Amino acid sequence: MRTAVVVGAGIAGLAAAGALARDGWQVTLLEAAERIAASPTALVLWPNGRRALEALDPDGGWSAIASPLPDGGVRRPDGQWLAAPRARLGAGPAPAVVHLEDLYDALVAGLGDRVHIRTGFTVTGVRTGRTQRPSVSDGRTRCEADLLVAADGIDSRVRRALAPESAAVGSGFAAWQAVIPGYRVPDLPADQAAGGETLGAGYRFVSMPLGGRAAGRGGVYWVATAAGAPRPEPPATQLALLRRWFAGWHAPVGALLAATRPEDLVPQEVRELRPLPRAYGFRAGPGGVVLLGDAAHAMPHHLGQGACLAFEDAATLRALVAGVRPGATLGDAVEEYDRARRPRTASVVRQSRRMSAVVQARGRLALRARNAALGSLRPRILGHAHDLTAEWRPPD
């Protein structure tokens with residue numbers, strides 16, 4: 001019996017655990033929290049993310065929980081276009097937006113009876129070696145397996161043990177997300193209901209409709225970012241700050257913030273890994289350890305690729321270990337995972353950092369240069385980012 005331990009029950013860990021179990025692995029899924037729960041937000045599934053999910057679970061019914069994502073264009077705070085909406089490039093799956101609660105429900109439903117879940121398990125020790133099976137411990141219990149999958153996020157304890165050179169650092173932004181349920185969404189004209197992106201001096205506001213499928217409620221998902229450190233105030237105070245910072249911005253920014261309640265708000269610090277880990281796969285005993293998702297390549301979220309790359313990781317891992325047995329071939333597969341994923345993620349990280357520079361523009365001259373160039377810059381940046389996402393295919 002092939003065994004795997006997956007550390008972390010976020011979307012990356014859930015996807016990997018379910019996929020391995022469907023291929024006959026006996027999986028232990030460890031989660032530090034007392035229960036598996038989704039943040040009340042949403043995420044975008046770009047074409048690569050949709051392809052990866054379909055490869056991980058062809059019967060997952062992903063189209064039933066996702067809503068098409070229109071291109072709402074990019075505006076200045078006064079409403080003038082910086083880049084008008086444009087038709088979708090290329091073929092393949094269309095970008096879609098999905099409520100995180102729906103995605104978690106689908107991933108949990110796909111785990112099956114080969115996955116044993118342990119919550120309240122905080123990793124305090126990691127053991128690897130040439131002759132020992134990789135394992136993790138919480139100080140009381142040790143869990144070992146042929147394959148150890150670290151999907152425990154940007155502060156991964158497993159990554160710190162194996163690639164201590166990679167550290168989580170601030171990206172210079174704070175972010176806020178919220179989902180306004182359908183019954184509270186203000187009536188919006190058609191040109192505003194499609195959502196879109198607005199760039200100011202160090203501020204950004206993005207909104208997108210969730211459609212009628214999201215958590216059975218529909219609604220609108222929005223993300224705001226501001227240069228600087230995360231705020232320490234309670235949610236109600238932070239929401240009041242957002243309303244003040246974005247006052248006077250074109251419709252429907254003000255209306256969406258007015259419809260948001262403090263309990264809807266999810267503040268977060270935008271962090272990234274610098275440098276990226278020296279490897280994503282490490283041989284150990286009869287198999288090894290792999291880093292997956294934010295544990296491997298956390299990045300600024302300006303291209304919205306974090307979750308999609310995590311699903312790519314899981315789909316790649318599944319394909320590489322599908323038919324192998326513990327021993328030399330599993331160790332080879334772990335190293336092949338590293339060779340497949342590091343160049344790919346490094347390229348997307350570079351594009352994300354380029355977009356961060358665009359969003360960070362401040363000062364009159366910098367804003368003039370950015371705004372003047374954005375019409376051509378956006379197609380170049382997003383065009384290359386589109387190539388990175390649309391052309392990816394799951395390995396055979």
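Predicted model: local features only at pLDDT ≥ 70, side-chain atom pairs only at ≥ 80, totals over all residues.

Author: Residues are numbered from 1 along each chain as its sequence is written, and side-chain values use heavy atoms, with hydrogens and water left out.

Reader: How many aromatic pairs are there?

Author: Rings of Phe, Tyr and Trp (its six-membered ring) pair if their centres lie within 6.5 Å; planes under 30 degrees apart count as stacked, over 60 as edge-to-face and the rest as tilted. By this rule the aromatic pairs number six.

Reader: Is the pair of Y203 and W245 stacked, edge-to-face or tilted?

Author: The ring centres of Y203 and W245 are 5.8 Å apart. Their planes stand at 55 degrees, so the pair is tilted.

Reader: What does F246 pair with, and are both buried or exposed?

Author: The rings of F246 and W249 have centres 4.6 Å apart and planes at 75 degrees, so this pair is edge-to-face. Buried means under 20% relative accessible area, exposed over 50%, and partly exposed in between (1.4 Å probe, protein chains only). F246 pairs with W249, and both residues are buried.

Reader: Which residues form one aromatic cluster?

Author: Y203, at 23% relative accessibility, is partly exposed, and W245, at 22%, is partly exposed. The residues that form one aromatic cluster are W176, Y203, F205, W222, W245, F246 and W249.
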